[in-house]
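Trainee: I am new to this structure. Could you take me through one part of it closely?

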Amino acid sequence: MRRTARKCAAIDRTLSPDLIARFRVELERLQAESGRLGVAVSGGPDSLALLLLAQAAMPGKVSAATVDHGLRPESAQEAAFVASLCQELDVPHEVLTVDVPPGNLQANARAARYRALGAWLDIEGLGAIATAHHADDQAETLVMRLNRGSGLSGLAGIRADTVIAGHGGRLIRPLLGWRKVELEDLVHACGIEPVLDPSNANEEFDRVRIRKALAKADWLDISAIAQSASHLQELDTELAVLAQREWKTCVTFVGDQVTYQPSADGLRMTRQRILTRAIAELGGELPRGSQVAALLDALERGEGGNLAGVLAKSGKEGWVLRREPPRH
C-alpha cells in the first residue's frame, strides 16, 4: 500500500527554509504570490514537490486538482492518493475527469487536461494555475525541437508565464529553474512515495527517447541548456514587440483583406511573423513556420502563393492577403 505522507506539520518541518525561500522568489518573479494559486498534481514526484512547496510558501492560499484522463486502470487510484495527501495538507482538492478522443493520444490528452484546468480556474476564481515543468523538461523540449528543425518560437521552449491554450487563464511554471533530482529528493525526504507513470519509460514517444539520450550524455549541463531556452524566450519576446510595431505602422486590415508594406529596415523574422498573424486574422489555419517562410520567399521575389486558405500576392501597394474564395 502506498504511503501517503507524514502529517502537514511534519512536512513543513522537513522542507528546508532555503527551498521554501527559493520557491517564493520564483512566485514573486511571476507575480503569483498574491491571490489563490491552483496547482496541477498528478501524483508524480515533480507535481508532488510543487504541491509541498506551494503549500509551505502560501499556506491557506493553495488549491489542487488532479486530471483523470481515464487512460490507465490505475488513474482513479492515483487521483485518490493525491486527494488523501491534500487532505492531510489541508489543501482543497478536486478530481477533474476528462474524455480523451482517439488519434494523437499525448496531444489530445494535453488539450483535454488544459481545458479542464482552465474551467476549474474559472469556477474556483484562481489567480493562476501552476504546473511542475522543470529544467530537465525544458532541456528535453529544446533538444527535441532542435531535432525537428523548429524556428525561434519553438526553440524558446516552455514558457514560465503564459495562458492556458484555448482558454485564456494564466498558467505559470515556477520550477523551470529546478532540476528533477532536486524535486525527487524533496518528496522522498517528506516520506512520500510518488506515483510512477509507465508512459514515462515508453520509447515510442520522442520525449522519452530524448530523455534517455540526455541521461547517457553526462557531459551535458542540463541547467545550462534550460537557461539557453530562457535566453531564446527573451529574444522571441523582443521580436514579438517589433512585429507588433510593424503591424501597427505597416499593415492595413480592411474587410477581408490585409495589405502589408514591409518597412525598409525590418527583419525577415518580423516579416514572417506579420504573415503568420495576417493568415490567422483572415481565419486561416495556423501554418507551420517552414510554410510561412516559403510564402515569404515567394512574395519577396514579387510572386505570390496560397497558404492555409489565404491567397497572397505582391503588388505596387505591398503584399495583399485575402481569404481564398469558396470552391464550387
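Trainee: Let us look at the salt bridges. To begin with, is D206 buried, partly exposed or exposed?

Mentor: Keep in mind that this is a predicted model. D206 has a relative accessible area of 33%, so it is partly exposed. The cut-offs matter here: buried means under 20%, and exposed means over 50%.

Now look at the partner. D206 forms a salt bridge with R148, and the closest N and O atoms are 3.2 Å apart. The two residues sit in distant parts of the chain. R148 is in the loop between α6 and α7, while D206 is in helix α9. They are 58 residues apart.

Stay with α6 and α9. The side chains of E140 and R211 also meet in a salt bridge, at 3.0 Å from N to O. E140 belongs to helix α6 (residues 135-147) and R211 to helix α9 (residues 206-216), so this pair ties together parts that are 71 residues apart in sequence. E140 has 5% relative accessibility, so it counts as buried. R211 has 25%, so it counts as partly exposed.

Why can such pairs form? Side chains of opposite charge can pair when their charged atoms come close.

R29 and E26 meet through their side chains in a salt bridge of 2.9 Å, N to O. Both lie in helix α2, three residues apart, which is about one turn of the helix. R29 counts as exposed because its relative accessibility is 53%. E26, at 19%, counts as buried. In total, the structure holds 20 salt bridges.

Helix α2 also has a neighbour to examine. The axes of α2 (residues 17-29) and α3 (residues 45-57) come within 9 Å and cross at roughly 85°. The two helices are therefore roughly perpendicular to each other. From α2, the residues L19, I20, F23, R24 and L27 take part in the contact. From α3, they meet L50, L53, A54, A56 and A57. Of the residues in this contact, nine are nonpolar, none is polar and one is charged.

Last, the sheet. Five strands form an open sheet in the order β7-β8-β11-β10-β9, with antiparallel pairing. Its edge strands are β7 (251-254) and β9 (304-307), each pairing on one side only. Helix α11 (residues 268-281) lies across β7, β8, β9, β10 and β11, and runs at about 25° to β11. Helix α10 (residues 222-250) lies across β7 and β8, at about 65° to β7.

How values were computed. Residues are numbered from 1 along each chain as its sequence is written. This is a predicted model: local features need pLDDT of at least 70, side-chain atom pairs count only at pLDDT 80 or more; totals for chains, interfaces and linings use all residues. Side-chain values use heavy atoms; hydrogens and water are left out. Axes are lines fitted to C-alpha atoms, for helices over the stretch in contact, and angles run from 0 to 180 degrees between N-to-C directions. Helices (H or I, at least four residues) and strands (E, at least two) are DSSP runs, numbered from the N terminus. Angles under 35 degrees count as roughly parallel, over 145 as roughly antiparallel, 65 to 115 as roughly perpendicular and the rest as oblique. Contact means heavy atoms within 4.5 Å. Ala, Val, Leu, Ile, Met, Phe, Trp, Tyr, Cys and Pro count as nonpolar, Asp, Glu, Lys and Arg as charged, and the others, Gly among them, as polar. Two strands pair if DSSP finds at least two bridges between them. A salt bridge is a side-chain nitrogen of Lys or Arg within 4 Å of a carboxyl oxygen of Asp or Glu. Buried means under 20% relative accessible area, exposed over 50%, partly exposed in between (1.4 Å probe, protein chains only).
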